[in-house]
Amino acid sequence: KMTRLRLPILTFLPLAISSSLQRVRPVAVRLPARGMQTFERGRRAVEFTNGVTPREVARTSLSVNRRLGLKLGVRAKAEEVGNKVQSTDKASGFPTWLPLFAVPALGGSLFGYDIGATSSVVRLLGSGNSDIGSLDALQLGLMASLPLLGAVVASAAIIAVGDQKIGRKTELYGAAILYGIGTLTQSLSGGLNAVLIGRILYGLGIGIAMHAAPLYIGETTPTNLRGKLVSLKEAAIVLGIVGGYAAGATVDAQDPSSWRSIFEYALPFEIAMFLSTAAFLQESPRWLALRGRAEEAIESLTKGQGLSKEEAISEVTAMSKIRSESGGEDSRNFLERAQEIVGDPTNRYALTIGVGLVLLQQLSGQPSVLYYANRIFEKAGLGFEAAVGVGVFKTIMTLVSVGLVEDPKWGRRQLLLTGTTGMAGALGALSALFAAAGGDEPNSAAVLACVVAFVGFYQIGFGPVTWLILSEIFPLKVRSTALSIGTLSNFASNFLVSALFEIERESIGEAALFAQFALIAAAAVAFENSKVPETRGLSLEEIEAKLRDLAE
């Protein structure tokens, strides 16, 4: 069966993305006259005494400007100069941050690929023409849902184990290995039970990859690109979904073993993920700095981001300051770490934001709305074409969000508010359509228009921005455990909504169900407006300081 391996359409995704991000133009910043004079004095003083880099000049100037009450955004704009120093590997011509983004994003693409591939596999296995026999509704449901269960188990295990000894790079290794073992178990198995075991193993890989990817991208990429790159991970997931749909369209539905090929198509990318992690990735400098491994952190920054040694030392000094303030490496057990998260006001405030966003993201009905869209597509005989069309549209809207996430007029907070408000409106319109139709089917075109609007607004806000905020909102010392709790909440609520959707639909009807989702989306708008701060242009250490001020 290995001879049938073919490459899906995502091979050149990292190169395509890099071309749109390689050039970052500086943004002019106006300061009050007194602020500009102070900024200039600070810059000259630092240059006279040390002859240091632009990044250090920006940091020193910020400390002076803070006394005048100027906004932290001043430093972010000044720091763009420092971030662009040595941002391109002269030997290869590619930006040094490209593998830091592309490899974790590939882990996200493989998650998305499984979603699209599973849709095609369930269709083939449900036809009764498969080499493992005819599957009933329960068995087909297990095929679709067990990866989510595996992701929940992986997220819970990461919370329990912690990250004292397991770094982000090691997690990416583990995700690639579990992806590969899961794929081989599914595609080479002789019976259904082995296939289901493979589904759980693949789900374990999903849980680890979706924990490590936002952490690694957020901790290793330049500040001025962090928002775009973490958001682009969502685009990678969506393109993976489209790739899974496309893979299902290439197989012969009359071949009883054709469903195995759909899973096998992912294997080259899983191998590439493992080899690329070994060849191109450095361990997260922030993870190293938190454990007192300053020299390794400096090396990680110079190799991974192309910084000069002086710039890397400056960065690691700031990271080490957080370590010294928090008491050094975290060697506590799970209960002690959990107590630290809920007991400290800053950690608790960050956890409220993170878990609140992921729960509201799923409980506002995203899986359920797409379910209705797929039903309409199938009735019209447009299953594959419409699914690919929705996937392409989601990708386009995600790229719109990526283009705006670092824009001073938008940023994370405004995109969330705009997207969630639009979702609430689309869900309210869906509820009204079903209520007006009574017991009949509502107008399909109107329902699809609402679904398209919902998907577009979701991909502008909740889709990419939630994971971006999760990657940057948690203080360094509890970041891994807190993000694990957020990831666990995401997969568990997704599983819950998917499992309860049919029960709710039959008991209360579509109109009440979508009205419920609309109310949850409206509550999400209120939550975002009251709790979520803007983090655009701030380093992770500055975000932690900002949260500390908000929590007091």
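Reader: What percentage of the contacts in the protein chain with a separation of 6 or more comes from residues 24 or more positions apart?
Author: This is a predicted model, in which local features need pLDDT of at least 70 and side-chain atom pairs count only at pLDDT 80 or more, while totals for chains, interfaces and linings use all residues. Residues are numbered from 1 along each chain as its sequence is written, and side-chain values use heavy atoms, with hydrogens and water left out. A contact means heavy atoms within 4.5 Å. Among contacts with a separation of 6 or more, the share from residues 24 or more positions apart is 82%.

Reader: Which element of the protein chain has the highest mean pLDDT?
Author: The pLDDT is the predictor's confidence in each residue, from 0 to 100, and its mean over the protein chain is 79, with 78% of the residues reaching 70 or more. Helix α4 (residues 73-84) has the lowest mean among the elements, at 38, and the highest, 96, belongs to helix α11 (residues 267-280).

Reader: Over which residues is the pLDDT below 50, and how many contacts does this stretch have beyond near neighbours in sequence?
Author: Where pLDDT is low, the predicted coordinates should not be read in detail. The stretch with pLDDT below 50 covers residues 1-87, and in the model its contacts beyond near neighbours in sequence number 134.

Reader: How many helices and how many strands does the protein chain have?
Author: Helices (H or I, at least four residues) and strands (E, at least two) are DSSP runs, numbered from the N terminus. By that reading, the protein chain has 0 strands, and its helices number 23.

Reader: What percentage of the 552 residues in the protein chain is buried?
Author: Buried means under 20% relative accessible area, exposed means over 50%, and partly exposed lies in between (1.4 Å probe, protein chains only). For the 552 residues of the protein chain, the buried share is 55%.

Reader: Are α5 and α6 roughly parallel or roughly antiparallel to each other?
Author: The axes of helix α5 (residues 98-126) and helix α6 (residues 137-161) come within 9 Å and cross at roughly 170°. Axes are lines fitted to C-alpha atoms, for helices over the stretch in contact, with angles from 0 to 180 degrees between N-to-C directions; under 35 degrees counts as roughly parallel, over 145 as roughly antiparallel, 65 to 115 as roughly perpendicular and the rest as oblique. The two helices, α5 and α6, are therefore roughly antiparallel.

Reader: Which residues make the contact of α21 with α23?
Author: Helix α21 (residues 462-473) and helix α23 (residues 540-551) have axes 9 Å apart and pack at an angle of about 85°, which means that α21 is roughly perpendicular to α23. From α23 the contact takes L540, I543 and L547, and from α21 it takes S471, E472 and I473.

Reader: Is I543 buried or exposed?
Author: I543 is found in helix α23, and it touches R226, E472, I473, T535 and L538, not counting residues up to four places away in sequence. The C-alpha atoms of I543 and F474 are separated by 8.5 Å, although these residues are 69 apart along the chain. Because its relative accessibility is 1%, I543 counts as buried.

Reader: What is the relative accessibility of T420?
Author: T420 has its place in helix α19 (residues 411-437), where it touches F462, A521, A524, V525 and E528, leaving out residues up to four places away in sequence. Its C-alpha atom and that of G461, 41 residues apart along the chain, are separated by 6.5 Å. T420 counts as buried, at a relative accessibility of 0%.

Reader: Does I166 count as buried or partly exposed?
Author: I166 lies in the loop between α6 and α7 (168-188), and beyond residues up to four places away in sequence it touches V161, E171 and W287. The C-alpha atoms of I166 and W287, 121 residues apart along the chain, are separated by 9.5 Å. With a relative accessibility of 34%, I166 counts as partly exposed.
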